[in-house]
Amino acid sequence: MNAIDQSILTLILLVPLAGAILVALAPDRSRLPNWIALLTTLVTFLLTLHLPAHFAAAQGGYQFQINRLWIEDPAIYYHVGVDGLSMWLVVLAGLMAPVGVLASWNAIKERPRIFYSLFLVQQTAMFGVFVSLDLMLYYGFWELSLVPMAILIAMYGRKNGPRAALKFFLYTFIPSAPLLVAILWLYSRAHSFDFSYLQMAVASGAIPAGPLWWVALAFLFAFAVKVPVFPLHGWIADTYSEAPVALAMVVAGKLGLYSMLRFHVGLFPAQARAMAPLLIALAVIGILYGACLALVQLDFWKLMAFAAVSHLSLIVLAIYGLTVTGWNGAVYQILSHGVVDSVLFLLLGAIEVRYASTLIGAYGGLAARLPRTATYFVVATLTMIGLPLLGGFVGEFIILSSTFTGVSRAWAVVAALGIILGAAYMLWLVQRLFYGPESTLASSSPAVDLHLPELAVLTPLLVLMLVMGVAPAYWLKAIQTGAHPPQPPHAVEHISRSPRPNLIPSAIVPEGQR
Amino acid sequence: MNSVPDIFRILPEVILTLTGVAVMLIDATIPPAWPRRSLGWVAAFGTLFALWGSIWQLSLPEGTGFFSTVETSTFTVFFHVLICGIVLVAILLSLDTLPADSHHQGEYYALVVFGAVGMCLLTGAVELLVVFIALEISSISTYVLAGYRKQTGRGPESAIKYFLLGSFATAFLLYGIALIFGATGTTQIYEVAHLAPSAENHALVVGGLALILVGILFKVSAAPFHVWTPDVYEGAPAPVVALLSTAPKAAAFALLLRVVYEMLPSLHAFWSPLLWVVAVLSMTVGNLAALRQQNVKRMLAYSSIAHAGYLLAAFAGSQAIGIAAASFYTAAYAAMNVGIFAVVTLVSGYDEKLPLIEDYRGLIYRTPLLGGLLIFFLISLIGIPFTGGFFGKFYSFSAAVDGGAVALAIIGLLNSGLAAAYYLRLAVVSAQRPLDSRKQNAPSEQIGIAVGAALLLSVAATLVLGIVPGTVLHAAQSGALTLQGPSPEPAVRVLGVEPAPNR
């Protein structure tokens, strides 16, 4: 490994932090904070692109690793690295950062310094969660990711920002208390925070199984709130409808889902297998419940919040199906949902800036006045509801087919019902916003369609959605090296017989080339 | 036998005493019309010198002095440095915030420094009567300081309440010492440790320990001995509270560590469940009461009760780990608490025109620096990683988990989730848009050199403890090693006839 490979992850962690300090020190005028933040996030994004460029897919395992002692006692290591599971998530977070800065360019007018510097700290925390391979380091970044988010929601939120921030913080902070106890308990047994070591220790049965149940449950609880999984979703509607657009894009999903893959199922395979039926049931309930609630929302941010509950639950279903294909689909769907969601957020944010209303009922007939906005929105909607050839289809198809064949036909059928409902609320939203008779709100303000900077952000994302729909193999090639769900005891033999199983379902590739 | 002159064993105390005397003499000799502010600088430099003296003590061989009543070891140096650091920050804070026309400034600085003498001596004393004297020296100074704003109604109330309850608690301590002496025939801590397990009247030892614990737990404001805390903190001037809520507590915790781990480890089965209950009570009572406060200082008073509870969780750990964790927590708590009271002093002003949480509305818009610092210290108090508060809790609760008290750790961490609610309320209020009517009566919130230095010190300490806790933890651990149980060679001699062997 050369020097760049050695230090690339550290650079990815440090550059946003350095940018944050620079922004905090910069004078608060002439958009200087914006430019510094944009530059920092672009540099970080370029740095994250180094990962897929130099990732050895054939080799698998953790790459770009660094393992240095940070604190002697308790032994906390600065151990970072990525594998197929996390690599693309790092790139996704890297991509979302400049998008977030551009989304805030005109929306954040007051005190840009505080906003951008906290936004950049938040980026560091997110990268940290994805790359940490030491449980304590991971917990540090996990907690750190809450603070800038809560402050930003409180300071830059819409009407009830402070209340939403408090709700968000408490919802996500309290479950991390049992998480920390669980981590400490593991340490007191295994005397290590190292992820791989703990994985081995748990697998070898050196740690008593009884308490391990509670430990696994504590991990799951913290992650399930963060996703959010069905009965724990109380914070998401307020957070989505209050948070600034740039933050709403990053708040849900990614961190919690990744943590489930790596630190719940990855660390406690036996316990996760036993808990899986419950999680599958909750996920399916979440899919339908989120979709039904999204149907009746009057506020489009709340609609997006419940749509997110529905879509994220689908990924939870894939994770706890514990099939190899399901996991490939899950990671792929996290990526594609991240992109689609951010496009929809950007567009809705642009509409809100122009018309200053978030009530769906106030709109109508925007398509005639804002044709470009309507086009982009429709394409993003189609991606979201899983039209073939677009990014959303691949993930949903893999997840549903793997559930159908690998888990349970009944659950797959019910989950597919949620996809239909998803099409219903999204298309109905398009219809109410862009078509029908022109509303008084739409005709009262001058029509300003998407301008050049907005198009400059949205167009690459739209192209990316298309590419993700037609060439999923490019992403899955790396993802499948990391997606190793635990196998039931009787299946181990079968897996080990085939030397390198083709993990991409063959149905996908022709689909894309059609 | 003592190769080290006795005076070096109490070098920081000597320096501090001389400083206090110098401050009083200068105050008495300079003309009354002259400003007294420079006395604060004298006190600050004296404290700095004492801090250097404590660090210099590391070069001494470990051992006791003055007929084995005072000890120097890594443990005492750790707490000496901590206490001198806190006092230094508190003096710097007072320099810019005490009203310039106050003519009692000489007394103020002298009392602060004399209080520090008592606290330092308390951490070094290995003889129960010296412990008692040291505790009285520190308490009497703090009683007076609590009532320093005597023109207000709350100042004297705070002082009298503190004095009455405090002297009551000290009486318990003294009674406990008497019982221990009755059971073992000695008041030297190492000898008690040797003699206590074989004491004829075991109930006397247990009773003595219980009474001593009451006295100490009062000083650290642990529930159910906490009722004085909010009233005293509310009435005392904020710079004094910065001192009051940290330094005497650090000293009292050092004493508690010495009593339970060094003097009576044989009674582990007795004090361990007791401290478990006190820890749970303190954090729960502190946090629940803090949730409902409207006054910032009262809220922070209850929060300090809760923090005493988190700290006591470390006592569930085994000797070395528990002592190290508790020492570290004391340092982390001191750094962030002094910091937040520094911010409170600046925002509320010396005469506290703005005491309520609602008054902090829009602070971050009014003075972004203070608002940012307030939020920073609150984040540390919540216990977010990369701040001192996190590692404090982390070590404390991992000591508890290591000692088998998993339930205590869970209760503690759930409590810290509860605590986040009221810390955040203050943070959120300060980030809200200001109401215009409040703007006019807000104090200027000028940050002078001395206060700037105080803030810088506390921020730096909080960050260092949060990002590179290794050094401080290492110091705490080597301190813990010097405090582990009785010395290897048993003391076979009558009290006070000959000096103890060098340990």
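**Exercise 1. Overall form of the two chains**

What percentage of the contacts in chain A with a separation of 6 or more is accounted for by residues 24 or more positions apart? Describe also the overall form of chains A and B.

*Solution.* The model is predicted: local features need pLDDT of at least 70, side-chain atom pairs count only at pLDDT 80 or more, and totals for chains, interfaces and linings use all residues. Residues are numbered from 1 along each chain as its sequence is written, while chains are lettered from A and ligands numbered from 1 in the order in which they are written.

Step 1. Two residues are in contact if their C-beta atoms, placed from the backbone, lie within 7 Å. In chain A, residues 24 or more positions apart account for 80% of the contacts with a separation of 6 or more. For chain B the corresponding figure is 81%.

Step 2. Helices (H or I, at least four residues) and strands (E, at least two) are DSSP runs, numbered from the N terminus. Chain A contains 25 helices and 2 strands; chain B contains 22 helices and 2 strands.

Step 3. The radius of gyration is taken over C-alpha atoms, and the globule rule is 2.2 Å times the number of residues to the power 0.38. For the 503 residues of chain B the rule gives 23 Å and the model has 22 Å, so chain B is as compact as a globular protein of that length. For chain A, with 514 residues, a compact globule would have a value near 24 Å, and the 22 Å of the chain agrees.

Step 4. Along the principal axes, the C-alpha trace of chain A spans about 70 × 55 × 40 Å, and the C-alpha atoms of chain B fill a box of roughly 75 × 60 × 40 Å.

Step 5. A residue is buried if 20 or more other C-beta atoms lie within 10 Å of its own, exposed if 12 or fewer, and partly exposed in between, with C-beta atoms placed from the backbone. Buried residues make up 60% of chain A and 63% of chain B.

**Exercise 2. A loop residue**

Is A:Leu389 buried or partly exposed?

*Solution.* Step 1. A:Leu389 lies in the loop between α18 (371–384) and α19 (391–407) of chain A.

Step 1. With 15 other C-beta atoms within 10 Å, A:Leu389 is partly exposed.

Step 2. Not counting residues up to four places away in sequence, A:Leu389 touches A:Gly469 and A:Val470. A:Leu389 and A:Met465 are 76 residues apart in sequence and 9.0 Å apart in space, C-alpha to C-alpha.

**Exercise 3. The strands of chain A**

How many bridges join β1(A) to β2(A)?

*Solution.* Step 1. Two strands pair if DSSP finds at least two bridges between them. Here 6 bridges join β1(A) (residues 63–71) to β2(A), and the strands run antiparallel.

Step 1. The two strands form a hairpin with 4 residues between them. A:Asn67 has A:His79 of β2(A) as its bridge partner.

Step 2. In β2(A) (residues 76–82), 6 of the 7 residues are buried, so the strand is largely enclosed by the rest of the structure.

**Exercise 4. Where the chains meet**

Which element gives the largest share of the side of chain B that touches chain A?

*Solution.* Step 1. 26 residues of chain B are in contact with 27 residues of chain A. The largest share of chain B's side, 12 residues, comes from α19(B).

Step 1. Leaving aside its neighbours within four places in sequence, B:Ala409 is in contact with residues including A:Val181 and A:Leu184.
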